[in-house]
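Me: I am new to this structure and would like to learn how to read its features one at a time. Could you take me from the surface inwards?

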Amino acid sequence: MDPRGVLILVAVLVAEIGSVANGNLVFPVERRKRSLSAVRAHDVRRRGRILSAVDLNLGGNGLPTETGLYFTKLGLGSPPRDYYVQVDTGSDILWVNCVECSRCPRKSDLGIDLTLYDPKGSETSDVVSCDQDFCSATFDGPIPGCKSEIPCPYSITYGDGSATTGYYVQDYLTYNRINGNLRTSPQNSSIIFGCGAVQSGTLGSSSEEALDGIIGFGQANSSVLSQLAASGKVKKIFSHCLDNVRGGGIFAIGEVVEPKVSTTPLVPRMAHYNVVLKSIEVDTDILQLPSDIFDSVNGKGTVIDSGTTLAYLPAIVYDELIQKVLARQPGLKLYLVEQQFRCFLYTGNVDRGFPVVKLHFKDSLSLTVYPHDYLFQFKDGIWCIGWQRSVAQTKNGKDMTLLGDLVLSNKLVIYDLENMVIGWTDYNCSSSIKVKDEATGIVHTVVAHNISSASTLFIGRILTFFLLLTAMLNN
């Protein structure tokens with residue numbers, strides 16, 4: 001990944017997942033709620049981070065009233081120490097704050113102990129030098145003035161002014177491998193990740209959102225997923241299912257064989273998961289929009305991002321959509337809540353009183369958004385509209401369409417980077433999926449469960465990740 005690349009902070013899931021498969025990874029995840037204003041501010045920061053690299057040629061829960069910060073605990077080093085990192089399907093590298101960090105958070109309101117990674121405190125840690133192949137590949141060529149004793153640097157700058165800078169190290173990632181029905185044993189795999197030396201902006205402050213770092217599941221060769229795939233341990237296919245009804249979910253690596261999912265192509269050579277949106281249908285009527293409004297050229301287009309809470313549309317699209325959505329209720333009086341959300345009083349069944357919205361993508365794939373998806377209950381009898389007018393533009397002034405949990409919840413979403421396609425289907429995310437083990441051909445069942453948080457400091461659920469590997473993992 002180009003060091004100027006982006007990190008999209010992604011909310012992931014709320015569940016404990018069980019499996020009857022071999023070759024799996026397990027990570028526990030916590031969540032904390034936020035206010036509506038915090039939700040919007042969260043999305044604004046994320047859009048800024050997207051915009052900071054939208055022109056770069058990189059290889060890269062959901063109700064608003066219930067959304068929160070999601071993070072997982074993993075082990076790094078020998079002996080392994082615990083680190084809490086945000087799980088992000090839109091970023092590339094894994095990085096954690098390091099012992100020499102000058103402006104790293106020392107405390108968090110999340111009720112967790114933050115830990116600084118010390119390369120000298122691990123028996124298996126090695127600094128990645130600038131003349132190693134990984135570094136050359138990351139920078140698309142040799143670094144000028146590189147000498148073997150100089151570490152390979154990384155630097156990520158965000159649109160909101162936050163930044164992380166440091167160097168790459170190689171060490172063991174420790175996880176729990178499934179070796180039976182809900183039975184695990186510790187395993188490890190050697191990976192390269194960032195050692196954060198300098199943080200600024202929100203990343204350098206001790207706050208309720210402070211964590212040890214971020215783990216990315218993006219498209220670049222520097223991601224943990226890509227590194228595992230390059231070593232022949234997995235295929236670059238993963239899926240998630242976000243349940244905003246029961247608070248459950250599934251996150252798996254591997255080929256999903258049940259349910260069957262139709263797909264649409266991913267736009268190549270984009271930093272994020274960009275797709276081609278063709279049209280929007282409301283109440284069986286296609287919105288009349290400029291023919292080039294959803295073009296994917298010049299950094300324009302539609303981004304799928306499960307870390308963004310709401311859904312953001314170009315102004316002209318938003319205005320047409322809201323007019324059509326509210327047409328069934330002409331006498332409805334709108335109120336502004338927290339100076340940014342359009343809300344109204346309504347005591348009926350929203351699925352009967354408002355229309356279904358369908359987004360149509362290339363290759364005839366559609367995404368159905370029901371009224372109970374795009375409308376959320378702020379208080380008893382008060383409903384708010386989740387669609388938002390986008391103020392996000394690319395560096396050349398083009399509008400962006402950003403589709404978050406508002407439209408992705410209660411759907412199984414599959415990212416197939418082997419074939420550069422993405423797909424989804426309406427699904428009960430508290431049920432199960434079937435994933436094939438490529439090494440044996442055996443199909444395994446992954447089941448989602450809800451459990452209460454073990455700590456009263458956390459509001460929400462604990463998610464246990466079972467990353468289903470498509471081949472047996474080696475130590």
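Reply: The protein chain exposes about 18,200 Å², of which carbon and sulfur atoms supply 48%; accessible areas come from the Shrake-Rupley method with a 1.4 Å probe, and for residues only the protein chains shown count as cover. This is a predicted model, in which local features need pLDDT of at least 70 and side-chain atom pairs count only at pLDDT 80 or more, while totals for chains, interfaces and linings use all residues. Residues are numbered from 1 along each chain as its sequence is written, and side-chain values use heavy atoms, with hydrogens and water left out.

Me: What percentage of the 475 residues in the protein chain is buried?

Reply: Buried residues (under 20% relative accessible area, with exposed over 50% and partly exposed in between, using a 1.4 Å probe and protein chains only) make up 59% of the 475 residues.

Me: Which residues have the most contacts inside the largest nonpolar core?

Reply: In soluble globular proteins, nonpolar side chains tend to be buried together. A nonpolar core here is a set of buried Ala, Val, Leu, Ile, Met, Phe, Trp, Tyr and Cys residues joined through side-chain atoms within 4.5 Å. The largest one has 68 residues, and those with the most contacts inside it are Leu94, Ile280, Val357 and Trp387. Its largest share, five residues, comes from helix α4 (residues 315-325). Because domain 1 (51-252) and domain 2 (260-426) both give residues to this core, it lies between them; the domain bounds come from an automatic or database domain assignment.

Me: How should I read the strands, and which strands does β16 pair with?

Reply: Strands of a sheet pair through backbone hydrogen bonds, either parallel or antiparallel. Helices (H or I, at least four residues) and strands (E, at least two) are DSSP runs, numbered from the N terminus, and two strands pair if DSSP finds at least two bridges between them. Strand β16 (residues 277-282), with five of its six residues buried, runs antiparallel to β22 (residues 357-361), to which five bridges join it, and serine 279 has histidine 360 as its bridge partner there. Two bridges also join β16 to the antiparallel strand β17 (residues 285-286), and these two strands form a hairpin with two residues between them, where aspartate 283 in the turn has a positive phi of about 55°.

Me: What is the strand order in the open sheet of five strands?

Reply: The order is β12-β11-β28-β29-β14, with antiparallel pairing. Strands β12 (249-253) and β14 (263-265) stand at the edges, each with a single partner strand, so one side of each is left without a neighbour in the sheet.
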